[in-house]
Amino acid sequence: MQIRDIASFIESWAPPSISWDRDNVGLLVGSPARKVRRVLVALDATPAVVREAVAVKADLIVTHHPLIFRPLERIDGDDRTGSLIGSLVRKGIALYAAHTNLDFTTGGVSALLAGRLGLKDVVPLSPLRDTQRKIVVFVPASHAGGVMQAMADAGAGVIGDYESCSFTSAGEGSFLPGAGTKPHSGRSGRLSRVKELRLEMEAPEWKVPAVLRAMRSVHPYEEVACDVYPLLKPADRYGMGAIGSLRGTVSLRDFLRKVERSLGSRGIRYSGSARGGIRKVAVCGGSGSDLTRAAVAAGADAFVTADVRYHGFQEHEAEIVLVDAGHYETEHPAVGAMARYLRTRPGIRRKNVKIHESKKGTNPVNYFRS
Ligand SMILES: [Zn+2]
């Protein structure tokens, strides 16, 4: 198995095209064609994680945070990033990052955090826009079922928890085959009219090429008439943050205790009082303060995120319980989830590629109590 194969498994869960436009995701160090036998998954590429990769003989480290984030002007062996890049190159270890694409995708960082807190009915807090496309294909009724199935198998037709969603309407198509064509029906040089179905399915933008390839592989026409339209509706499965509900209303004290225990937080900062108790909860793993307004607008009683500033706590004090449970703590569930995801890919199991979850990728932030 090559590094590019591992990348394509990751990208079918966390497509790079949905990442924040100033992010830096994908293979940051190494060659896609390199063979891989062992992978180490961690939140960050730190000196300890690189040493751990050497110890477990990993050929590839997969992290959430990109080691190279701002444009890199020089690789200075004396600074932290430069020396880490140097040791990765010297030891022949590749580095791959799935950052905001893993944040924004279905079942991503915030959904995993929501799951850890026991929330149900979880949906994106701030859905992404411009991700969905409508694919319209004109097909004879005899082949409509096969074409629909091929498109569904390639990832079209998913709406919420429903799969293979399609719509057909009947009509008549016309065509005049040119010289040298081999039309499925009709004859070259003669105008034909045929009964056709207009088959419509939705797909995320990054699946459109695969859906069109699959559709063409079973469509009987030499020249297929098909359209791809952008949809303006927000995505229902991709977005920033997540929101859901606890099974019952709990007091602020019980809620904070739940956050502390389920995330292993050793220090929680919060503002707000939630006199009516807490049931609806918004979350965003990592620095999600910018979503506080969205959490308030969605009617959340509490918003769990990290890196909240003093004025952020102050500004929203009367509107919501704003909880800073730590950057590492709110994102760490994604490390185990990525390791489990890779471990359970049939291709990875077949090739016996070992997936390790880092034990050395620890929180750089300590909490002091006298
Ligand atoms: Zn982060």
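Which domains does the domain assignment of the protein chain give, and what covers the buried residues of helix H6?

Author: This is a predicted model, in which local features need pLDDT of at least 70 and side-chain atom pairs count only at pLDDT 80 or more, while totals for chains, interfaces and linings use all residues. Residues are numbered from 1 along each chain as its sequence is written.

The assignment gives domain 1 (3-101 + 332-357), domain 2 (106-124 + 239-325) and domain 3 (132-230); such bounds come from an automatic or database domain assignment. Between the C-alpha centres of domain 1 and domain 3 the distance is 38 Å.

Helix H6 comprises 13 residues (141-153). Helices (H or I, at least four residues) and strands (E, at least two) are DSSP runs, numbered from the N terminus. From first C-alpha to last, H6 reaches 19 Å, close to the 18 Å expected at 1.5 Å a residue; the expected span is 1.5 Å times one less than the number of residues. Val147, Met148 and Met151 are buried in H6. A residue is buried if 20 or more other C-beta atoms lie within 10 Å of its own, exposed if 12 or fewer, and partly exposed in between, with C-beta atoms placed from the backbone. These three residues of H6 cover an arc of only 105 degrees around the axis, which puts them on the same side of the helix; the arc is that of the directions from the helix axis to the C-beta atoms. The cover over the buried residues of H6 includes strand E6 (132-139), strand E8 (192-204) and helix H7 (208-218). Just after H6, glycine 155 adopts a positive phi of about 110 degrees.

Because 7 of its 8 residues are buried, H5 is largely enclosed by the rest of the structure. Among the buried residues of H5 are Leu112, Leu113 and Arg116.

The nonpolar cores complete the picture. A nonpolar core is a set of buried Ala, Val, Leu, Ile, Met, Phe, Trp, Tyr and Cys residues joined through C-beta atoms within 7 Å. In the largest, of 81 residues, Val39, Leu60, Ile61, Val281 and Ala302 touch the most other members. At least three residues of this core come from each of domain 1 and domain 2. Apart from this core lies another, of 16 residues, among them Val139, Met148, Met201 and Ala203. Met148 is also one of the buried residues of H6.

Notes
Contact = placed C-beta atoms within 7 Å.
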